[in-house]
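Trainee: I am new to this structure and would like to go through it in questions and answers. Could we begin once it is on screen?

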Amino acid sequence: MTSARVSTAVLISGRGSNMQALVEAATDPLFPASIDLVIANRPDAEGLAFAQAHGIKTALVEHKDFADRQAFDGALLAELLAHHIEFICLAGFMRVLTPDFVACWAGRIINIHPSLLPDFKGLDTHARALAAKVSEHGCSVHHVIAGLDEGKVIMQARVPVMQDDTPATLAARVLREEHRIYPLALAEVVREMD
Ligand code: GRF
């Protein structure tokens, strides 16, 4: 017996390389989620072109068109419902979602963050890791709750910090691990939802 794959949307704001990793993983018919929608909050999000080229539906919900976060999140919700989406992956999505929106998707919304949470929540994680002289850095896939970068961690990957690292070289090392673990974490979470 085969079970239906979990219909998943990826929300992006820019490059979309993690979205790309999820799309590529989901080309395997045995992957338990299908990537059916990519939503961007900026028209210049580079990832939109990749999604369109791969036949994935895209939607643009520009935060600047809405008076406040509630209205923006309401428009996001309308897109998600219109496409019968069951699960959300945030992938470089640079908007803070309202507690109401997050509560509505509890257990069905995850994010990737470029640090070993709970260390270095927020922005500029690679520069802050170098400034703190940590010997290891990495990335975390976590459930999304109202508190920023505070949801339960699902999966992490560690990388060494080299003496001559710059934020860019460290970011590149971490990003390779992001692309490896995000599909694994998504598969793990949706399998547990059955
Ligand atoms: C990634 O480092 C992700 O962890 C962070 O923002 C970056 C997005 O990169 N949240 P991309 O758009 O997936 O290429």
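**Rings, then the sheet**

Mentor: This is a predicted model. In it, ring pairs join F66, F72 and F93 into a cluster.

Trainee: How are the planes of F72 and F93 arranged: stacked, edge-to-face or tilted?

Mentor: The ring centres of F72 and F93 are 6.4 Å apart, and their planes are at 15°. Planes under 30 degrees apart count as stacked. The pair F72 and F93 is therefore stacked.

Trainee: How many residues apart in sequence are the parts that this pair ties together?

Mentor: F72 belongs to helix α3 (residues 69–82). F93 sits in the loop between β4 and α4 (99–104), so the parts tied together are apart in sequence by 21 residues.

Trainee: Are F72 and F93 buried or exposed?

Mentor: The cut-off for a buried residue is under 20% relative accessible area. By that cut-off, both F72 and F93 are buried.

Trainee: Which are the edge strands of the sheet?

Mentor: The open sheet has seven strands with mixed pairing, in the order β3-β2-β1-β4-β5-β6-β7. An edge strand here pairs on one side only. The edge strands are β3 (57–60) and β7 (153–160).

Trainee: What is the bridge partner of N111 in β6?

Mentor: Strand β5 (residues 109–113) pairs with strand β6 (residues 136–143) in the antiparallel sense, over four bridges. The bridge partner of N111 in β6 is H142.

Trainee: At about what angle does helix α6 run to β7?

Mentor: Helix α6 (residues 167–193) lies across several strands, including β1 (6–12), β2 (33–40) and β7. Its angle to β7 is about 160°.

Terms used:
Residues are numbered from 1 along each chain as its sequence is written. This is a predicted model: local features need pLDDT of at least 70, side-chain atom pairs count only at pLDDT 80 or more; totals for chains, interfaces and linings use all residues. Side-chain values use heavy atoms; hydrogens and water are left out. Two strands pair if DSSP finds at least two bridges between them. Helices (H or I, at least four residues) and strands (E, at least two) are DSSP runs, numbered from the N terminus. Contact means heavy atoms within 4.5 Å. Axes are lines fitted to C-alpha atoms, for helices over the stretch in contact, and angles run from 0 to 180 degrees between N-to-C directions. Rings of Phe, Tyr and Trp (its six-membered ring) pair if their centres lie within 6.5 Å; planes under 30 degrees apart count as stacked, over 60 as edge-to-face and the rest as tilted. Buried means under 20% relative accessible area, exposed over 50%, partly exposed in between (1.4 Å probe, protein chains only).
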